[in-house]
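Subject: Handover of a structure and the findings on it

Dear colleague,

Please find the structure below, together with its sequence. I would ask you to read the notes that follow with the model open beside them.

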Amino acid sequence: MYKAVVIGGSAGSFQVITKILSSLPKNFPLPVLLCLHRLKHVRSGFVEALSIKSTIPIVEPFDKETIKPGKGYLAPSNYHMYIELNKRIALSTEEPVNHSRPSIDLTFETAAQAYRDKLVGIILSGANRDGALGLKKVKQLGGLAIVQDPNECQVKTMTEASLKSTQVDHIFTTQQIINFLLNLKE
Amino acid sequence: MTRFELGIIDSRNVIKTLHDVYNYDFKNYALTFFKRRVELFIAKYNLKDADGFIRKIENDKDFFELFLQDVCVETTEMFRDPSLWRVLKEDIIPSLARESSHFKIWFPEVSTGEELYSMAIILKKLNLLSNAQFIASSISELNIEKIKNGYFDPKKIEVNDSNYSRIFTDDTLSNYYTNENEKVRWDTSLIDNTKFLKQNIIFDDYPKGVKLILFRNQMIYYNQILQERFIKIMYNCLVPGGVLVIGNNEKIEYWNSEKDYTLIDKTERIYKKKLA
């Protein structure tokens, strides 16, 4: 049984992510960790925009906040978001990785170390290679690796980079991702 | 290329060495962060693995200083979060100045100095620079020297300038730095009133009678034990009614903490020490 879902996305992922979040049941049994590239000077608005559609509550976590099931955690703008081994969020302003802060690689890598084979990692549409190494780590540590079908992505760079570096478990359309997550319920 | 990955036992050995040899205790740093800093340091200096790191660092004090510098995360930019600096300029600082003609401002980990220079510029604009005494602590001697020399990364000019223009529109940040053959340098007279303190991780000697503390995005690198210890140290340093500013996504939360501090600005994370 899985214990957490981590999702990374960039250009072209906003509609996908809102569709996913609006399809989850209110009592979704896992936490959803979200690392999405975003404008660094726009501190507010994004979490509100996601929350409008989402059935589960979405927060920009405080540092060292305890991760709880049925809740979404969005990496705040201009911070990296790490998952500590004790299942708490840790934030960081260290140098950008892949020109990105938050970096999807760092959230995925630390989530993989915290959740090992109990993690589902999903890479969505995006315009750079961030996330490819992170998804590889998820797979290496026994987690499940899913990539959005590049044919469906507005921008394919990110999903194609992930497919190149990792033997993923599934290549899914948005609807298939949703169906998969709904089945986690049982 | 795959990077060397620091395991849990490696982390423990590294922490033990730093403690035994230099009396610096990193055990209450946030684990993912500390692991990453050591890994990046090992890669940067081609030390191969944890044993390579330990062998090199235990015999070389200068090398240890380089490590301390790398543990201090570079502040990302000048005037990070311009909306906070507007509140400081329009509200917090003027009210400090009304209460007393001289006031102490403390930076418990000044890191690469952007917060210090930003604050100095705000005070200069308000004609209050000579009324303030800055105290800047850091675990890194090398960073302190760098701050005193005033050189900074030219790559950051653009974001620094743009942040400044979100706070002040009557002049530009370039009034406060010069370009010297490819290097950019702050006007170091801005920090003439600064007392620098090289510190261990836990303070043995900390300032008293402080009116304002800026400690943003530093406690995120600590675990909750060390965070709480710092918040209590800062409580003792502040005068009643003194102000503590922490990072956007940080909060003060320990048993009975609401008896010590009041949150006065929820968005900018500004706290006030309660009157006894």
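Is Thr188(B) buried, partly exposed or exposed? Thr188(B) is partly exposed, because 15 other C-beta atoms lie within 10 Å. On this scale a residue is buried if 20 or more other C-beta atoms lie within 10 Å of its own, exposed if 12 or fewer do, and partly exposed in between, with C-beta atoms placed from the backbone.

Two remarks on conventions come before the rest. The model is predicted, and local features need pLDDT of at least 70, side-chain atom pairs count only at pLDDT 80 or more, and totals for chains, interfaces and linings use all residues. Residues are numbered from 1 along each chain as its sequence is written, while chains are lettered from A and ligands numbered from 1 in the order in which they are written.

Seven-stranded sheet of chain B

Helices (H or I, at least four residues) and strands (E, at least two) are DSSP runs numbered from the N terminus, and two strands pair if DSSP finds at least two bridges between them. In chain B, seven strands make up an open sheet of mixed pairing, ordered E6-E2-E1-E7-E8-E10-E9. Its edges are strand E6 (194-198) and strand E9 (261-265) of chain B; each has a single partner strand, so one side of each is left without a neighbour in the sheet. On average, neighbouring strands of this sheet are turned by 20 degrees against each other, direction ignored. The axes behind such angles are lines fitted to C-alpha atoms, for helices over the stretch in contact, and angles run from 0 to 180 degrees between N-to-C directions.

Strand E2 (residues 132-138) of chain B has five of its seven residues buried, so this strand is largely enclosed by the rest of the structure. E2(B) is joined by five bridges to strand E1 (residues 103-107) of chain B, and the two run parallel. Here Phe103(B) has Ala132(B) in E2(B) as its bridge partner. Between E1(B) and E2(B) the chain passes through helix H6 (residues 114-125) of chain B, and this β-α-β crossover is right-handed (with the strands pointing away from the viewer, the path from the first strand over the helix to the second runs clockwise). E2(B) also runs parallel to E6(B), again with five bridges, and Ile135(B) stands opposite Lys195(B) in E6(B).

Elsewhere in this sheet, strand E8 (residues 238-246) and strand E10 (residues 270-273) of chain B run antiparallel and are joined by three bridges. Val243(B) is found opposite Lys272(B) in E10(B).

Four bridges link E4(B) with strand E5 (residues 183-186) of chain B in the antiparallel sense, and Tyr177(B) has Trp186(B) in E5(B) as its bridge partner.

Thr188(B) is placed in the loop between E5 and E6 of chain B. From Thr188(B) to Tyr177(B) the C-alpha separation is 8.8 Å, at eleven residues apart in sequence. Apart from neighbours within four places in sequence, Thr188(B) is in contact with Lys148(B) and Gly150(B); contact means that the C-beta atoms of two residues, placed from the backbone, lie within 7 Å.

Helix pair in chain B

The axes of helix H1 (residues 8-22) and helix H3 (residues 50-58) of chain B come within 10 Å and cross at roughly 5 degrees. The contact divides into six nonpolar, two polar and two charged residues. Here Ala, Val, Leu, Ile, Met, Phe, Trp, Tyr, Cys and Pro count as nonpolar, Asp, Glu, Lys and Arg as charged, and the others, Gly among them, as polar.

Chain A and the interface

The contact between the chains takes 17 residues from chain A and 13 residues from chain B. On the side of chain A that touches chain B, strand E6 (residues 89-92) of chain A gives the most, with three residues.

Within chain A, Leu36(A) lies in strand E2 (residues 32-36) and is buried, with 21 other C-beta atoms within 10 Å.

With kind regards
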